[in-house]
Amino acid sequence: MLKIGVLVSGGGTNLQAVLDAIECGRIANAEVTVVISNNPNAYALERARNHGIDAFCISPGDFQEREAFYHALLEKVDEYGLDLIVLAGFLVTIPPAMVQKYRNRIINIHPSLIPSFCGKGYYGLKVHEAVLERGVKITGATVHCVDEGTDTGPIILQKAVEVREGDTPESLQRRVMEEAEWQILPQAIAMIADRQEETK
């Protein structure tokens, strides 16, 4: 059974997509065992608790130094013996020590077709604003492995989404979530869980 921890900063719609996929069997041999947010008001924590999943807030604001926050985050993650860490809209840089310790076991969902509209400063609505400003016709989402860079790790899955006439950043964000993010994040987790099962 693939033990998953999800790190999330906001509403947790990608977390919900993963939980739904587990419940309906699209993801087999996997379970979300812990959800961690940097935001005490993140609805994602409520979603986790509604599913009987341990949920914690570990916020940089509660620590005097960033290193102390990093230590607390890694300590909590380590408690659960996770096989996979999923960054599902986690807007805080994760510590290098976590990347090293969980090499090739951390994945992220990004709301564009990497290498376009990614890297420092490209998150949330900012990505979709940039897409519309540039005038591209196709955008989408990417699931990738996390390395020491920002959105630079190996790509696992991508899905394209059409940019429509009259799109706003908000309407485009919603469609990218519905048509791409909520599809490929569960799909990537299912692939990883199946692979782990095969190697047993």
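Helices here are DSSP runs of type H or I with at least four residues, numbered from the N terminus. In this predicted model, Gln 187 belongs to one such run, helix H6. The residue has a relative accessible area of 40% and is therefore partly exposed, since that class covers the values between 20% and 50%. Between the C-alpha atoms of Gln 187 and Thr 199 the separation is 19 Å, for two residues that stand 12 apart along the chain.

Helix H6, which spans residues 169-198, also contributes to the lining of the largest pocket. The volume of this pocket is about 1000 Å³. Its lining comprises 41 residues, and those nearest the centre are Gly 89, Phe 90, Leu 91, Asn 108 and Tyr 123. Besides helix H6, the elements that supply two or more residues to the lining are helix H1 (13-23), helix H4 (96-101) and strand S5 (106-110). By residue class, the lining divides into 20 polar, 16 nonpolar and 5 charged residues.

A search of the whole structure identifies 4 aromatic pairs. In the pair formed by Phe 117 and Tyr 122, the ring centres are 6.3 Å apart and the planes meet at 75°, so the arrangement is edge-to-face; the cut-offs behind this assignment are centres within 6.5 Å and planes over 60 degrees apart. The two members of the pair fall into separate accessibility classes: Phe 117 counts as buried because its relative accessibility is 16%, whereas Tyr 122, at 31%, is partly exposed. Elsewhere, Phe 63, Phe 69 and Tyr 70 form one aromatic cluster. An aromatic ring also takes part in a contact with a charge: the charged end of Lys 76 sits over the ring of Phe 56, at 3.9 Å from the ring centre.

Technical notes: Residues are numbered from 1 along each chain as its sequence is written. This is a predicted model: local features need pLDDT of at least 70, side-chain atom pairs count only at pLDDT 80 or more; totals for chains, interfaces and linings use all residues. Side-chain values use heavy atoms; hydrogens and water are left out. Rings of Phe, Tyr and Trp (its six-membered ring) pair if their centres lie within 6.5 Å; planes under 30 degrees apart count as stacked, over 60 as edge-to-face and the rest as tilted. Buried means under 20% relative accessible area, exposed over 50%, partly exposed in between (1.4 Å probe, protein chains only). A charge sits over a ring if NZ of Lys or CZ of Arg is within 6 Å of the ring centre and within 35 degrees of the ring normal. On a 1 Å grid over the protein atoms alone, a cavity is a set of points where a 1.4 Å probe fits but cannot get out, and a pocket is an open set with protein on both sides within 12 Å along at least five of seven lines; lining residues have an atom within 4 Å of a point. Grid points are joined across faces, edges and corners, and a volume is the space filled by probe spheres set on the points. Ala, Val, Leu, Ile, Met, Phe, Trp, Tyr, Cys and Pro count as nonpolar, Asp, Glu, Lys and Arg as charged, and the others, Gly among them, as polar.
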